[in-house]
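Morning, everyone. Let me put the structure up, and then I will walk through it.

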Amino acid sequence: MHRPKPLRFSAFGASGDPLVVLEREVDSRQVKYLRCYLHDLDARSVVIEPNYFDRDYLSEFEAFYATSAAGYPNICQRAHFFRENVTRAVFAKAVGGEGQARTLVETSYLGHVVIRPIPGAPVGRTVLKLYPDEKGIAEGTPRIMEPAREYEAHVAGLTLRVSGIAWEQQDSAVGSCATVALWSMLHSSAFDDHHAIPTTAEITSMAHWSAPTGHRIFPDSGLQLAQILEVIKGHGLAPVFITGEEGDQTFSRERFCTLVASFLRSGYPVLVNGWLEEEENQREAHTICIVGFRSAAPPTVAPGEHVLADKDINFVYVHDDNLGPNARFRILDAEGDGTISLFPESPPPLNGGWPTSNPTQTYHEIIPTEIVVAVHPELRTDPLELQRAAENYTRWLPLALDHEIKQQKGTSTSGMVVSSRFVRLPQYIEHELASTLRDRTPSVLSKTRLTLWEKATPMSLHIGLVRISLGTEPMMDILFDTSDSDRHLRPTAYLAFRAHVPWLLSRWQKLSGEDIDLGVLVRAW
Amino acid sequence: MKVGTQRKFTIWTAPASSSDVPALVQLDMRAPIAGATVAKKRAASAKLRSQKVLKHFVTRTSAESLRKLVK
């Protein structure tokens, strides 16, 4: 029988820190990674719940461990990490409602790690805060983590909140790396209103029910990509499956970066399958989940030209079950043949030397060959088709502007940047427009919202959004209905943020003879 | 140039007086239309260049990929 046990309190990195204990017991890349990551977050203390029932582990227990003669318990530990020194005395005050102590505990919370009673794969569900990003924001290259969601941990009447996406170490009894990547992907905030998040054991079981391969279910022997797609469908979502377009299905930088960034900006994590390059001439198939990326500085674009946004991003943030959560990988064309690989590259230690060897320094490169994304089933537009539409419906604007400037002998200006993504219509109208138009008078926002609501053809819940910007200033948003087939993909409406846009459109059509139908004009100036 | 962060949204935006757009606001919107021949040529040339970009956005799937086993 389980027995009550008191909470334990320890300094981070001291002998009572469960990660220190684990590292002594097993040579685990994941434990080393977590210690380095938390050190960079400036963790100072840890509070351990010695008795914690974890939903995911209970599911694994039911599927596999309950019938093992080894006698595994069904209970875990959960370790909570803090940036301040949270002692029993401080914690007791916080639990009693003492304001200052409560604020200290809540605001210094860095996240939690569930520790399973499985010696071979002890690190269970883990949610940790991201590194601070003040520098990226100040430099105009913020980290984009749109899929992140808020998790709550309840301890003795305290609610501790952390934003991120859950990660866990692969437990080969009940899942493969693909199972864990898929599990993380289904945690995205994009699906908050859609479905219950499955456990890893449920994912493995569903994969074998819906796309049988003849292999046994448990212990898990791996998943085929077709099974991953079936699991996504089984959870009421729609799978998007895209391969690389270069030799051996590798990706060009342009295709990989623009697609990954577009999905992440839309709130969808990206599951990447590829080759993990181990020893020389040795590779194995591996799957990871990309949860964010570092945006690149605005590109320099020649007058009259346009480029695709995000094609020059250099870093993605990856949940890799072999390594840990939010691991930074650099996107590189290492071979110089125009195809890309992902190389692990942690930032330098932020708070003095790391407490143990950082495994990202010896981990291997990954060569992406396929990407899989779960999207809402109502969203029927192929993201590649939206990118094609973005190219086709926007290239006239920088040309028209440059033409008029030359004709009027004005000051030359730069070219433009084109981006595409999916967004929920209410989110676009409520948040995106408010943010884009926040420097204009309230009447502009009001007129824009009402015109969209009253004059534009009724639109789908999820819209395709194509934005073209001059430097950093949005010029025009083109909205696409995503509930029809790609054959019928055409603009529903376009929002011009300056009066020059419809003026340039009208003149360019007369000058070039091009017929450009962008749908209903919404005057957002 | 500045970056605005609103809730989870992080988007590019700039004040109306952004130095990125002076040429735009200086344009005379009542100027006569001119340069049709040049415009037609530039439109055709841009369309050709687009074809190169679009080749990266062709959908491809393969039965071999779907059978790949990931452990």
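**Sheets, helices and a chain contact**

Start with β13(A), which pairs with strand β18 (residues 416–424) of chain A in the parallel sense, over 3 bridges. Within that pair, A:L308 sits opposite A:V418 of β18(A). Some ground rules. This is a predicted model, where local features need pLDDT of at least 70, side-chain atom pairs count only at pLDDT 80 or more, and totals for chains, interfaces and linings use all residues. Residues are numbered from 1 along each chain as its sequence is written, while chains are lettered from A and ligands numbered from 1 in the order in which they are written. Helices (H or I, at least four residues) and strands (E, at least two) are DSSP runs, numbered from the N terminus. Two strands pair if DSSP finds at least two bridges between them.

Now the whole sheet. Its 6 strands run in the order β13-β18-β19-β20-β21-β22 of chain A; the sheet is open and the pairing mixed. For angles, axes are lines fitted to C-alpha atoms, for helices over the stretch in contact, and the values run from 0 to 180 degrees between N-to-C directions.

What packs on this sheet? Helix α11 (residues 383–394) of chain A does, touching β13, β18, β19 (462–470), β20 (473–481) and β21 (491–496) of chain A. The direction of α11(A) makes about 40° with that of β19(A). Touching here means contact: C-beta atoms, placed from the backbone, within 7 Å. Helix α14 (residues 442–454) of chain A lies across β21 and β22 of chain A, at about 160° to β22(A).

Stay with α11(A). Is it enclosed or open? Largely enclosed by the rest of the structure, because 10 of its 12 residues are buried. Buried means 20 or more other C-beta atoms within 10 Å of the residue's own; exposed means 12 or fewer, partly exposed is in between, and C-beta atoms are placed from the backbone. Among the buried residues of α11(A) are A:L384, A:R388, A:E391 and A:Y393. Its length agrees with expectation, because 12 residues at 1.5 Å a residue should span 16 Å and the end C-alpha atoms are 16 Å apart. The expected span is 1.5 Å times one less than the number of residues.

Next, helix α13 (residues 425–436) of chain A. Buried here are A:Y428, A:L433 and A:T436. Down the axis of α13(A), they fall within an arc of 65°, so they line one face of the helix. That arc is taken over the directions from the helix axis to the C-beta atoms. The face turned away from the buried side carries exposed A:P426 and A:E430.

Strand β5(A) is mostly covered, with 6 of its 6 residues buried. It is joined to β4(A) by 4 bridges, antiparallel, and A:H112 stands opposite A:V127 of β5(A).

A quick hairpin. Strands β7 (residues 149–155) and β8 (residues 158–164) of chain A pair antiparallel over 7 bridges. A:Y151 has A:V162 as its bridge partner. There are 2 residues between the strands, and A:A156 takes a positive phi near 50°.

Finally, the other chain. Contacts link 65 residues of chain A to 52 residues of chain B. On the chain A side, 19 are nonpolar, 29 polar and 17 charged. Strand β9 (residues 223–224) of chain A pairs antiparallel with β3 (residues 69–70) of chain B over 2 bridges, and A:L223 stands opposite B:V70. For those classes, Ala, Val, Leu, Ile, Met, Phe, Trp, Tyr, Cys and Pro are nonpolar, Asp, Glu, Lys and Arg charged, and the others, Gly among them, polar.

Technical notes: Two residues are in contact if their C-beta atoms, placed from the backbone, lie within 7 Å.
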